Amino acid sequence: MIEALGVSRAFGPKEVVSGLDLKVPGGTIHALLGPNGAGKTTVLRMLAGLTSPTGGTVRVLDGDPVTREIRARIGWIPSGDRSFYLRLSGRENLVFFARLYGMSLRTARERSDELLEKVDLVEAARQPARLYSHGMQKRLVIARGLLTDPPVLIVDEATHDLDPTSAQNVRSLVTEASSTGAAVVWATQRLEEIRSFAHDVTVLGRGDVRFSGGVDKLVKRALNRTYEIQLVNGFAPLPLIESNLVGLAELSAHPFYSDRFLLHLGSGTALSDVFQGIERAGAKVHSCAEARSDIEEAFLHLTAEDNDD
Amino acid sequence: MTNAGTRGTSEMNKLFAFVRRDVLVLLSYRLAFLADIANLAFQSVTFYFVSLMVNPAAMPEYGGTTATYMAFVGIGIAFGAFMQIGLGRVVSAIRNEQVLGTLESLFMTPTRPLTLQVGLVVYDLIYVPIRTGIFLGIVMGVFGVRFDPGAVAPALAVLFLFIPMVWGLGMLGAGAVLTFRRGGGIVGFVGAAVSVASGAYFPLDLLPERLAAILSLSPVAVAFDAARRTLIGGEGWAEISGGLIYLAASAIVSLAIGLWAVRAAILRERRMGTLSHY
């Protein structure tokens, strides 16, 4: 349904997306993950036909997303609040856009009411959009994106700044759309939400694809986590420390920080036993913190150089 | 109904949606309509007092009838209002959508660019004739100005050609706003300059002869002149046919350039990826 082949986009001399390949079949949710400035929004805009790629091709529903016929079948959910007429009520905003999608006034009203109920905005339906909170406006954007039951949904940071319940509701709506056959591309920085929500993920870093595949595969690429420790009086050689930890835990060099180690506890091992083993080797534990979640670790690892800047 | 027919109906329904949207926005401002009508009344009173200071001998003749200043300026203001829609509103409407952040959402709907352009100002296209009618009603009813009843059809023909002519210029301005973001100020200046330099408020004959000769070639001046000749002087189709042909040719050229400008601007914005920037 959505296909990008070797897609690049440059703004002047700066290439913000480079060599992106993406295939999103119907009924799946594909997450675009990356830090700020990774090129996620630019990718979404190219998929929606709002920005032309400078290289490669984008096909949506076997057509060019720039054409009206294809655009009519894309649900576009932009980030940011500014996309409504603030003097009009939420309902009237939806009715107006529904009519631009070709619905009669009656159908537009019925569909708008249906969606306002889905996004839990019935009570505020007749209030001017300018009185809506950030979260309410976000839900209104979602409702507009779903007006035509589109077979393609392009979603940019839909849960950014939403409280957990609202975010979960938004994800449920998108999951529902996907389960009825829609192809969804979902850009986010919220790592924890893609697990058990997205099927596939593309990790972007400075416009380059750092990873592309199933979410489970991304998690598998994560380092086995447990604790991140920092040692003092660390003249003791690593092999000596490790020999004192046999049967208790495994120690390995931290991938990003030279003065830290990753400690993988064996089952049933108490931290105090490990600390004693380290002390026996002539070193002391200066600090010990639970390592990040596996998926977060994988993400940071894949985008490490972007975050170092 | 054919596919083309269905599409046409659908695009027409979208225009109704724009009208409904703008009426609802207007209702949210409650006093705006009344303030506008009050403004019209004040404008009429102002020009009435200006007319008392104007030397009738300085006024031009149309079809053997010397124009009163109120009749002269009334037509200038009425046509000027349509010029404001074509030139000013097409541009400012696109700019408003850019600033509101709704332009991109509009472009994401399967609506033709031409429908969008017309839709953004369709409310004005309905409201301004009503407003102009009210203005002319005040001018005729309160200040005793008389227009030739038989001149209504030729005057409407002038208007019919005048609107697409200024519309084309407005689209050129809209293209500039999409590209440069700040083209609105230039368009506003051009609009005001064209109004003044085309004889909306005073006869061009008052200007130096050569300058007047050059300015009288402007399609806007031709439209003003044709409307006055028929409404004040009672001239018929035959007398104003030259002006109508000139206006028709100007409208074709202006629309062609305007359509090209908007199309080129939209393509550029897509290429640059800056449609939502303002």
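In this predicted model, 22 residues of chain B are in contact with 26 residues of chain A, two residues being in contact if their C-beta atoms, placed from the backbone, lie within 7 Å. On the side of chain B that touches chain A, helix H1 (3-28), helix H4 (103-108) and helix H10 (237-272) each supply at least two residues, and H1(B) gives the most, with eight residues; helices here are DSSP runs of H or I, at least four residues long, numbered from the N terminus. By class, that side of chain B has eight nonpolar, nine polar and five charged residues.

Chain A is assigned domain 1 (2-220) and domain 2 (227-291), with bounds that come from an automatic or database domain assignment. The centres of these two domains of chain A, taken over C-alpha atoms, are 45 Å apart.

The largest nonpolar core has 141 residues; such a core is a set of buried Ala, Val, Leu, Ile, Met, Phe, Trp, Tyr and Cys residues joined through C-beta atoms within 7 Å, where buried means that 20 or more other C-beta atoms lie within 10 Å of a residue's own. Its largest share, 17 residues, comes from helix H3 (residues 69-100) of chain B, while the residues with the most contacts inside the core are A:Leu47 and A:Ile154. Beyond its neighbours within four places in sequence, A:Leu47 is in contact with A:Ile2, A:Ala4, A:Val58, A:Val60, A:Pro65, A:Ile154 and A:Val185.

Residues are numbered from 1 along each chain as its sequence is written, and chains are lettered from A and ligands numbered from 1 in the order in which they are written. Because the model is predicted, local features need pLDDT of at least 70 and side-chain atom pairs count only at pLDDT 80 or more, whereas totals for chains, interfaces and linings use all residues.

How values were computed: Buried ≥ 20, exposed ≤ 12 C-beta atoms within 10 Å, placed from the backbone. Nonpolar A, V, L, I, M, F, W, Y, C, P; charged D, E, K, R; others polar.
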